[in-house]
Amino acid sequence: MKITQATMTPPAPEDRAFLSSVIKPMLVRPRFLEESDLLLHVPFLFWLMANVRPAKSTVVGIGKGVAYLAICQAIEEFSIQGRCSGFGFGDNSENTPNPVPKTFDNDAETLYEGIADLRVHATLEEALSNIQPGSLDLLFVDLCELARDKGSDPADWTEKLAPGGCLVVHGLGEADEAMLFLKRKVEDFPGHSLLFFDFGAGLAVILKNDIITDAARDFLALGGNGSPRRADSLLLRRLGQGLAAMARNGNIARRLDAVQKEYAAVQTRHDKAEQDLVALNDAYEARNRKIWELQATNFDRENENRNLQKHQQVLSDSVSALRSALETIQKEKDSVAEVLTERLRQEKDSHYRETGILTKLLEQKGDGGQGELAMLRRQVKQLSDHNAALLSSTSWRITAPIRKIKSKLTGK
């Protein structure tokens, strides 16, 4: 077997641009995925961090935190000795800072303790005043989050950079003046490159050529005129779109999970509502039955009341008739009593007269009239007995109607 030594030729610049050492940082998956235009540029942002390796980075306009947390992750992922500070802004009419969302702050502290430094300011000028000139290795400015401050002078950004520092500006698609300034800035500083990605909201980068590797420099220089080659731009766009799709799918999954939980909660409420409805129907039926029973009882009582009223009317009529009868009987009694009284008086007078006559006769006859006296006495007694019988018979007749009324009232 004959062994020959192959001739080793260096790869062409376009091939060096796609070496694994160049492409690998672009394939890092962000831990934090949130639907935002910035996701389209996160693969390049990872590539930039891996090649520039800034010790001190700052994000102005953290927004949803996509760029801020991506830079923090890159510092950890690529073992960069550095920190990243983030500046957010209030969005109320008084231009006072709003508090950092608690969940966002907790995530930054939990995942990137010792790396993340999150702050909130009222305006861009206030944030920039807290950054010392020439102190930053990388400054990321998100114009999409600085709608009120787009008129600020971009020179304030570049003066914060250290020699060889890198400036990244997102949202230049809506800030033509800032783009013109960056182009002039590159012209004023030989040895710096301007790279512009025109997809999404637009991303521009100014960096010093000698701080990156040859392969990375080939990647930046292939396109010319500040734009990468179409294929390279398309690669980054597709990677970013993949992240955006993952974020959308994640949000859809979260929304779907939330909807499913809400549906389960609604289903639970629906089942409980059905149970409550069954119980309510049962209670309604029981109430209806109770109402029917009460109506039947009320109807019976009304009939009973009507019967009692009729009976009361009959009794009232009977009492009226009895009162009339009593009045009649009382009148008859009074009449009979008068007749009886007069008759008794007459009989008494007759008796007295007869007794007087007999007494005189006895006195005239003396003792010889004892027999006749006894006879007269017997006559007087007979008259008295007859009178008593007469009185008794008359009283019985007089009181007979009263006894009849009493028997009707008492039932005896």
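The legends below describe close-up views of one predicted model.

Because this is a predicted model, local features are given only at pLDDT of at least 70 and side-chain atom pairs only at pLDDT 80 or more, whereas totals for chains, interfaces and linings use all residues. Residues are numbered from 1 along each chain as its sequence is written, and side-chain values use heavy atoms, with hydrogens and water left out.

View 1. Helices (H or I, at least four residues) and strands (E, at least two) are DSSP runs numbered from the N terminus. Of the 412 residues of the chain, 33% count as buried, where buried means under 20% relative accessible area, exposed means over 50%, and partly exposed lies in between (1.4 Å probe, protein chains only). Among contacts in the chain with a separation of 6 or more, 76% join residues 24 or more positions apart, a contact being heavy atoms within 4.5 Å.

**View 2. The largest nonpolar core, which has 47 residues.** A nonpolar core is a set of buried Ala, Val, Leu, Ile, Met, Phe, Trp, Tyr and Cys residues joined through side-chain atoms within 4.5 Å. The residues with the most contacts inside this core are Phe44, Leu48, Tyr68, Ile71, Phe140, Cys166 and Val205. At least two core residues are supplied by each of helices H3 (42-52), H4 (66-77) and H10 (230-365), and likewise by each of strands S4 (136-142), S5 (161-170), S6 (192-197) and S7 (203-208). The largest share, 9 residues, comes from H4. Apart from this core lies another, of 19 residues, which includes Phe87, Ala127, Leu146 and Leu161. Valine 205, leaving aside neighbours within four places in sequence, is in contact with Phe44, Leu48, Cys166, Leu167, Val168, Ser193, Leu194 and Leu195.

**View 3. Helix H3 packed against helix H4.** Two packed helices are described by the angle between their axes and the distance between the axes. For H3 and H4 the angle is about 35 degrees and the axes are 10 Å apart; axes are lines fitted to C-alpha atoms, for helices over the stretch in contact, and angles run from 0 to 180 degrees between N-to-C directions. H3 passes H4 in a right-handed crossing, that is, one in which the near helix is turned clockwise from the far one by less than a right angle. Val42, Leu45, Phe46 and Met49 of H3 meet Val66, Ala67, Ala70, Ile71, Gln73, Ala74 and Ile75 of H4. H3 is largely enclosed by the rest of the structure, because 10 of its 11 residues are buried, among them Pro43, Trp47, Asn51 and Val52.

View 4. Most residues other than glycine have a negative phi.

**View 5. Histidine 170 in strand S5.** Histidine 170 counts as buried, because its relative accessibility is 2%. Its side chain makes a polar contact of 2.8 Å with the side chain of aspartate 142; a polar contact is a pair of N or O atoms within 3.5 Å, of which, within protein, one must be able to donate a hydrogen and the other to accept it, and residues adjacent in sequence count only if both atoms are side-chain atoms. Not counting residues up to four places away in sequence, histidine 170 also touches Asp37, Leu38, His41 and Phe140, as well as others including Cys144, Ala201, Gly202 and Leu203. Cysteine 144 is partly exposed, at 33% relative accessibility.

**View 6. Serine 57 and cysteine 84, which are in contact.** Serine 57 belongs to strand S1 (residues 56-60) and is buried, with a relative accessible area of 1%. Leaving aside neighbours within four places in sequence, the contacts of serine 57 are with Met49, Ile71, Arg83, Cys84, Ser85 and Leu138. Cysteine 84 is also buried, with a relative accessible area of 1%. Cysteine 84 is in no disulfide, and the nearest cysteine sulfur, that of cysteine 72, is 4.4 Å away. With a disulfide taken as a pair of cysteine sulfur atoms within 2.5 Å, the count comes to 0 disulfides.
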